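Open the structure in your viewer and keep the selection tool ready. The stops below say what to select next and what is there.

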Amino acid sequence: MSRPNVFLLISDTLRADALSVYAKNGVSTPNIERVADQGTVVENAFSSGPWTPPAHGSLFSGRWPSETGFIGAMPEMPDEVPLLAERLSEAGYETVGVPGPAKMGHATGLDRGFDWYYEVHREVAD
C-alpha cells in the first residue's frame, strides 16, 4: 500500500506575507517554494492560541487548549490526549521531530509518538 509522505513545517512567529510562497514581494524562499509546489499550501489558517505552547498543542492534538489543559508557561500534555505523531506511528509511518525551543520538548509531552525527536535546545544548553 502506497501512502503519501507527510511533512509538517512549523515556523513560529513568521507572517505568511513575508514569504514568496504567499506574497509576490515576500522574501525569496526557493526551497519552501519547491515544497509548496509539490504539496499543499494552507491559504487561510488561524492559531488556536496566542502563543507557542497552546498553538502547538492544538496542532499536535487537534483539540482546543481549553479541552486539553495545555496552557500556561510550561504546560504538559495529558497522556490520555492522543497526538498526531502517535496516530501516524500507529498507521505505520516513521516519525521524526526537531523542535527548537524547550517549551516544545519532552517535558511538555509533545514528543510522544515520534520515533526520533532531536531537541536542539539541549545541545545549546550544553
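**Stop 1**

Select Leu 9, which is exposed at a relative accessible area of 54%; exposed means over 50%, buried under 20% and partly exposed in between, with a 1.4 Å probe and protein chains only. This is a predicted model, in which local features need pLDDT of at least 70 and side-chain atom pairs count only at pLDDT 80 or more, while totals for chains, interfaces and linings use all residues. Residues are numbered from 1 along each chain as its sequence is written, and side-chain values use heavy atoms, with hydrogens and water left out.

Leu 9 sits in the segment before α1 (30–38). Helices (H or I, at least four residues) and strands (E, at least two) are DSSP runs, numbered from the N terminus.

**Stop 1: the largest pocket**

The largest pocket holds about 1500 Å³ of space. Of the 38 residues that line the largest pocket, these five, Leu 9, Ile 10, Ser 11, Tyr 22 and Val 42, are the closest to its centre. Helices α1 and α2 (52–61) are the elements that give two or more residues to the lining.

On a 1 Å grid over the protein atoms alone, a pocket is an open set of points where a 1.4 Å probe fits, with protein on both sides within 12 Å along at least five of seven lines; lining residues have an atom within 4 Å of a point. Grid points are joined across faces, edges and corners, and the volume is the space filled by probe spheres set on the points.

**Stop 2: Thr 52**

Go to Thr 52 in helix α2. Is Thr 52 buried or exposed? Thr 52 counts as buried, at 6% relative accessibility. Leaving out residues up to four places away in sequence, Thr 52 touches Asp 12, Lys 103 and Met 104; contact means heavy atoms within 4.5 Å.

**Stop 3: salt bridges**

The whole structure has 4 salt bridges, each a side-chain nitrogen of Lys or Arg within 4 Å of a carboxyl oxygen of Asp or Glu.

Select Arg 112 and Asp 79: they form a salt bridge, with the closest N and O atoms 3.9 Å apart. This pair links distant parts of the chain, 33 residues apart: Arg 112 is in the loop between β1 (96–97) and β2, and Asp 79 in the loop between α3 (65–68) and α4 (84–90). Arg 112 is buried at 15% relative accessible area, whereas Asp 79 is exposed at 64%.

Shared partners join Asp 79, Glu 86 and Arg 112 into one network of salt bridges.
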